[in-house]
Structures are given as structure tokens and as C-alpha cells.
Amino acid sequence: MTVVLAGVGADTTNLGALGALTDDGRFDYVPIPEKTRHTSESETLGSWPLRTRDGVAADLASTISPRPIADGETRISGADLAEWPLHRDPNFDALAYGEHRNGYVSRLRALEPGDVVGFYAGLRRPDGDRAHRYLLGYFTVDAVDVLEPDASADRRRAVLETHSENAHAKRARDGVPYLPDKTIALIDGRGPGGLFDRHPIRLSEYYVKPGNERAQYYLREAVADAFAVTAGGENMMYKPAYRCSISGESFRELVGIPGERSSEHGHIADHG
């Protein structure tokens, strides 16, 4: 049994903003903007509601530059911004997740039914405090399929049909993934799982490490100990995938079940 923690969600590199985190534990999770207009996903920046205030995800940005698309310099704003589709990955309603990043695929493909995928994203408090990485949901693994670039047409179609709620399947065309040269891990989940209602768990610290000149984000030691992190390193600047040897059952007991959590589940104290 194992747990993988995956970095997800819109941030300053793709939306120009982070989701908010309020003092009462409410937070905004916003999926990244899709890299292409051609997807069957119905959720857009203009339809995705914010949970910390009235408004939608499109209110967080004035212009985005989805990449790769066309020449890579396309800029979306105004009414087009509100209509731009989201890459809803993970889909916390359908409990579906897909990934093509190399450092992720190698860990996700090893997951088995009963394991857990946890999801973290950057959130910022509205009073200007420094942003941090927070665990904001998870689901229990039901099935994992890996689609290799050299897979046959029949294999591609079968896998994409099996994972029809996956964002990578929704943007595929005629049985061909949007990024056909990438290996893609597609995961279907089951309960317990979902997006937390409140009280995400802070995973990061921001400080100058001895010997360095600049501060960076690092995984909190208390979190690494609590989740028994065995791979992924300590630097969190680029959303690494963390492999944890904690069991799925112990993980769920520690962080709580979505919809049943309390403020106590949003805190992992530092040792000492």
C-alpha cells in the first residue's frame, strides 16, 4: 500500500493567480486552463465558481496564454477568457486523474487498487501572507492504465473510453491523445475521496537553506515524517510527485474523510 502526492491546480504560471485561503478554512481550487479549445469538458473559467467569495475563476485573471497552442503566443481575454475550457484534472466529482509528466508517470503507474492519490496546490491568504502548498483532497485508487506512445489504435481507443471522464480523454481526438508522444497514466478512483470542504493541510515551508542565498519552498519535516515520504525530495518549487509509504488507511485516518473533516484534520504539528 502506498500514497502519491501530486501537485495540481492553476497558479501564477498558467492563470497568473493562486486560489485564496480564508481564515475560516475555506479555499478556492481552480483547475488549470486547458491547452487547447478542443475538449469535451463543459467547465470553463467562466462557469467555475469560487468558494471564498462571489465570482468565478475568470475573475482571477485578465489574460491567459495557454501553451502549447498554435504558435504558443495566443492570448485569451475578455469574453473568450470566460469561455475558455478548464483542464479538470483531477476531477473530484468523477474521481478521475491523468498525468503525462515524466516524474509523475513513473510513480503513478505503480499504484494499485486501494492505494491513494493526494492532491496539493498553491493557495494564498487574502491578507497578503506568503502563499504555500496545501493538500486539498484525495481519492482511493480503483484502476490505473498507462497509455504508451506506441500503443495500437485499438489500445488507445479502449483506454480512453474506459477513462472517459479523464481530462486527457476529453481532449483526445479520434482516439489520439493531445500529446501523442507522451506516456500518460490514467487513474480512476473510488471513495473515500474528494475535495476537502475546508481546512487544507499546509505542506510547505519557505526559508533560506544553509549554504543557499535565496529562500525556496521546502516540504515541511513534520509532513514528511507524518506521511513517511520516501521519494520526491524536499524542494517544492516545481510541484514534485511524492511517494509515501504510509498506508491508505493510515493516511485517511490522519487527514480525515472529505465531508467529515474538522479543523483538527487541517493541522500537522511540527515535532518538538
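Colleague: How many helices and strands make up the secondary structure of the protein chain?
Modeller: In this predicted model, the chain has 6 helices and 15 strands.

Colleague: What makes the chain as compact as a globular protein of its length?
Modeller: Its radius of gyration is 18 Å. The globule rule gives 19 Å for 272 residues. The two values are close, so the chain counts as compact as a globular protein of that length.

Colleague: How much of the chain is called buried?
Modeller: Buried residues make up 50% of the 272. The cut-off is under 20% relative accessible area.

Colleague: Which residues of helix 6 are buried?
Modeller: Helix 6 covers residues 248–255. Gly-248, Phe-251, Arg-252 and Val-255 are buried there.

Colleague: Why are they said to lie on the same side of helix 6?
Modeller: Because they cover an arc of only 95° around the axis.

Colleague: What do the buried residues of helix 6 pack against?
Modeller: Their partners include strand 1 (3–7), strand 9 (132–147) and helix 5 (221–227). Packing here rests on contact, with heavy atoms within 4.5 Å.

Colleague: What comes just after helix 6?
Modeller: Gly-256, with a positive phi of about 90°.

Definitions and conventions
Residues are numbered from 1 along each chain as its sequence is written. This is a predicted model: local features need pLDDT of at least 70, side-chain atom pairs count only at pLDDT 80 or more; totals for chains, interfaces and linings use all residues. Side-chain values use heavy atoms; hydrogens and water are left out. Helices (H or I, at least four residues) and strands (E, at least two) are DSSP runs, numbered from the N terminus. The radius of gyration is taken over C-alpha atoms; the globule rule is 2.2 Å times the number of residues to the power 0.38. Buried means under 20% relative accessible area, exposed over 50%, partly exposed in between (1.4 Å probe, protein chains only). The arc is that of the directions from the helix axis to the C-beta atoms.
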